[in-house]
Amino acid sequence: MNWFETKKLFGKRVLITRSKEQSFSFASKLIKSGAKPILCPIVSYSIVEKEIYNKNIINNLSSFDWIFFTSQNSVKFFFEILSKNYFDSRALSNIKIASVGYKTNLELEKYNIKADFIPKRFSMEDLIKELREKEDLSSKKILVPGQDIEHEAVRAIHELPQQEPKLAYWGIYHANFIDNLPSQIIDEINKGIDIMTLFSSNTAKNLSILLEKHDLKDKIKNTKISVIGEETAKTTKDLFGRIDIVAEPYTEEGLINSMESYFNLEKQAI
C-alpha cells in the first residue's frame, strides 16, 4: 500500500466522459497512476446509415490520392461501410493514408493498413501543414471521413486557399449524447471529483448542459478541468471559464503525464 500511495495521481477521482468503448484503456492507465476513474459515458457513436449507400464516394475511392483519418471512429466506421459494400482494405491499395494520432494508427493496423504519414502534432491543421513540407498537395484529391457535423476538420478545409488540395469531407458517423445523467454518476459528482476530462468540444458542450440540468455546476467549482486538443480547450474555456490542464502531446498518455505534472507542481508549492 505504501508503494501505491507514492503514485502521482494516488486517490484522485477522475471523471471520464468518453464513450464506454473508448474509456477502458484510459481508465486502466489512470489506475496504474494511482487514480480512481469514474466512467461517465455521456456519448456513444453510430454509423450514418445513408452513407452506406453513397456510391459517389464508395465506387470512386480510387480517384482519391489521399485519405486522412483523424480518429479511431473515422477508421472504424469507414471500414464498416466498405464491408457492407463487399470491399476490404484492398480497395485502398493505390491510395496514400495519413493518420492523426496514436489511437487512430492502432485502429488502422487492425485492417492491415500502415499509414504513409503521421503528423507530429495531432490536429487537422498540423497534418496539412506538415504533409505539405514533404509533398506537393496542390491538385491532389483528398478524402476526409469523419463525424457528420462541422468541426475543426471541416473548418480547416474551408480555410484553405484556393490553390490548396481538393479535400472532400465525408460525414459517416454520428455522436449520440445522453439526455440525463444516471443517478450513480450524480452521486459520484456530489461526493466530489478531483479531475474532469474532456476529449472533444461537443462532449464539453453536452456535459455543461447536463451539469446545468442537474444543478451540479457548483459541485465542480474546485474540480480541475483537463482537456485534449486546442479546439476542446477553447470550447471548454468558453463554457466553464477556465481550463487547468491541457494534454501535451494530444494523447491519453500525454493527458495523464500533464495531470501528474500539474499535481506535482501543486504539491511542491504547498
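User: How is the handedness of a helix crossing defined?
Analyst: A crossing is right-handed if the near helix is turned clockwise from the far one by less than a right angle, and left-handed if anticlockwise. Here α4 passes α5 in a right-handed crossing. The model is predicted: local features need pLDDT of at least 70, side-chain atom pairs count only at pLDDT 80 or more, and totals for chains, interfaces and linings use all residues. Residues are numbered from 1 along each chain as its sequence is written, and side-chain values use heavy atoms, leaving out hydrogens and water.

User: At what angle do α4 and α5 pack, and how far apart are their axes?
Analyst: Two packed helices are described by the angle between their axes and the distance between the axes. Axes are lines fitted to C-alpha atoms over the stretch in contact, with angles from 0 to 180 degrees between N-to-C directions. Helix α4 (residues 72–84) and helix α5 (residues 102–109) pack at about 25 degrees, with axes 8 Å apart. The two are therefore roughly parallel (angles under 35 degrees).

User: Which residues make the contact?
Analyst: Contact means heavy atoms within 4.5 Å. Q72, V75, K76 and F79 of α4 meet K103, T104, E107 and L108 of α5.

User: Is Q22 buried or exposed?
Analyst: Buried means under 20% relative accessible area, and exposed over 50%, with a 1.4 Å probe and protein chains only. Q22 lies in helix α2 (residues 20–32) and, at 16% relative accessibility, counts as buried. Not counting residues up to four places away in sequence, Q22 touches Y45, Q72, N73 and E252.

Definitions and conventions
Helices (H or I, at least four residues) and strands (E, at least two) are DSSP runs, numbered from the N terminus. Angles under 35 degrees count as roughly parallel, over 145 as roughly antiparallel, 65 to 115 as roughly perpendicular and the rest as oblique.
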